[in-house]
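Trainee: I am new to this structure. Please show me how to read its features one at a time.

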Amino acid sequence: MTARSDMDEAMLEQALAWQTALESDDADWDGYMAWLEADPRHREAFDTVALLSAMVEDHRVEIADVLEAKTPMDAASPEQSSRRFLYLGGGLAAAVALIVAVPMIQTAQSVERYSADGGKSRTIALGDGISVTLSPASQIVIRGKNARQIELAKGEAYFDIRHDPARQLSVAAGDYRIVDIGTRFTVNRLGTALRVGVADGRVTVASATMDQPVPVAAGQQLTGDATSVTLSPAPSTDVGSWRAGRLSYTDTPIAMVVGDIVRYTGRPVSIDPSLEKRHFSGTLVIGDGSNLLADLASVLAIEVQRKGRGFHLRSGTAAR
């Protein structure tokens, strides 16, 4: 699946105008809600503009070089930089295509890393209404003083974000960017693969390989790799279920399930090519982690073989 939209330039301009208007103390919230409800594409347009603004704030210096602007964008405030780019980039529709192609560049600034080690999860209160819970063997990175721009370096994180329409949280996970205004969701990164689940509210996901950002609402999950993404239903109660001692999945690639198990066991697991396209739906009880792989193999009727200090999964005689 690739993300496509029939949003037009005028609709994106309206969304940009509303984003600017909502920053004032006397914002017309009734008018804004009426505009949102008038057309389902309006929500998508607003999410797209919010995503662009967050990404411009991350890379305003690089974007200024690309556009060869006479006045460097870093001389302006982040909000002014965002507005300027969205108007200079050949129109908002063109800006959508340009911004996702700008790579994340690690600048020389303060870096904070938060990790969950020792087979246990960890909850971090970052302030500004942001709480992040890391699953075992996971890590987030925050560069600079803005805790609303986070990189998921590895593993899985559960985000609980206070609603604030004037500010958006931006989470980078490999080539993907997830933007949230205020909700609860998880991001799971395994190499170039991604899984995003939303328990409450909605997020928007974008990457250079997607035609348009994809909105993901409560009760949905997005899974993606280097070439495509898939949006599908997933119970909200399963989002971040590992915090309650269980791993719950809906039509999830087996590689991502195994990646989760590895974080709890600390043992490497390889997968036979014959299993790479298989998906798993169900729940595994974590416990001390020692039975996770055997439980998965039992449900899928596949074999577990010892391989060095780790394991190898291959199709069993009963596997279909």
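Mentor: We will go through helix faces, ring contacts, cavities, loops and distances.

Trainee: What should I know before starting?

Mentor: The model is predicted, so local features need pLDDT of at least 70 and side-chain atom pairs count only at pLDDT 80 or more, while totals for chains, interfaces and linings use all residues. Residues are numbered from 1 along each chain as its sequence is written, and side-chain values use heavy atoms, with hydrogens and water left out.

Trainee: How do I read a helix with a buried side?

Mentor: An α-helix has 3.6 residues a turn, so residues three or four places apart point the same way. Helices (H or I, at least four residues) and strands (E, at least two) are DSSP runs, numbered from the N terminus. Buried means under 20% relative accessible area, exposed over 50%, and partly exposed in between (1.4 Å probe, protein chains only).

Trainee: Which residues of α2 are buried?

Mentor: They are G31, Y32, W35 and L36. Seen down the axis of α2, these buried residues fall within an arc of 140 degrees, so they line one face of the helix. The arc is that of the directions from the helix axis to the C-beta atoms. On the face of α2 turned away from the buried side are the exposed residues D30, E37 and A38.

Trainee: Which residues of α7 are buried?

Mentor: In α7 the buried residues are L292, L293, L296, A297 and L300. They cover an arc of only 130 degrees around the axis, which puts them on the same side of α7. The face of α7 turned away from its buried side carries S298 and V299, both exposed.

Trainee: How do I read contacts between rings?

Mentor: Rings of Phe, Tyr and Trp (its six-membered ring) pair if their centres lie within 6.5 Å; planes under 30 degrees apart count as stacked, over 60 as edge-to-face and the rest as tilted. A search of the whole structure finds three aromatic pairs. One of them is the tilted pair of W18 and W35, at 6.4 Å centre to centre with 35 degrees between the planes. This pair links distant parts of the chain, with W18 in helix α1 (residues 9-21) and W35 in helix α2 (residues 29-38), 17 residues apart.

Trainee: Are W18 and W35 buried or exposed?

Mentor: Both W18 and W35 are buried.

Trainee: Which residue lies over the face of Y158?

Mentor: A charge sits over a ring if NZ of Lys or CZ of Arg is within 6 Å of the ring centre and within 35 degrees of the ring normal. Here R243 lies over the face of Y158, at 3.6 Å from the ring centre.

Trainee: How are cavities found?

Mentor: Rolling a probe the size of a water molecule over the atoms shows where empty space is left. On a 1 Å grid over the protein atoms alone, a cavity is a set of points where a 1.4 Å probe fits but cannot get out, and lining residues have an atom within 4 Å of a point. Grid points are joined across faces, edges and corners, and a volume is the space filled by probe spheres set on the points.

Trainee: How many cavities of 30 Å³ or more does the structure hold?

Mentor: There are two. The largest cavity has a volume of about 180 Å³. It is lined by 20 residues, and R195, D238, V239, G240 and S248 are the closest to its centre. Strands β9 (193-200), β12 (220-224) and β14 (246-253) each supply at least two residues of this lining.

Trainee: What classes of residue line the largest cavity?

Mentor: Its lining has eight nonpolar, eight polar and four charged residues. Ala, Val, Leu, Ile, Met, Phe, Trp, Tyr, Cys and Pro count as nonpolar, Asp, Glu, Lys and Arg as charged, and the others, Gly among them, as polar.

Trainee: What about the second largest cavity?

Mentor: The second largest cavity holds about 30 Å³ of space. Its lining includes A173, Y176, R189 and L194, and divides into four nonpolar, three polar and two charged residues.

Trainee: Where does A137 lie?

Mentor: A137 is in the loop between β3 (130-134) and β4 (138-143). Its phi is near 55 degrees, a positive value in a residue other than glycine. A137 is partly exposed, at 29% relative accessible area.

Trainee: How far apart are D225 and R189?

Mentor: They are 36 residues apart in sequence and 10.0 Å apart in space, C-alpha to C-alpha. D225 lies in the loop between β12 and β13 (229-233).

How values were computed: 1 Å grid on protein atoms, 1.4 Å probe; cavity = no way out; pocket = protein on both sides within 12 Å on 5 of 7 lines; lining within 4 Å.
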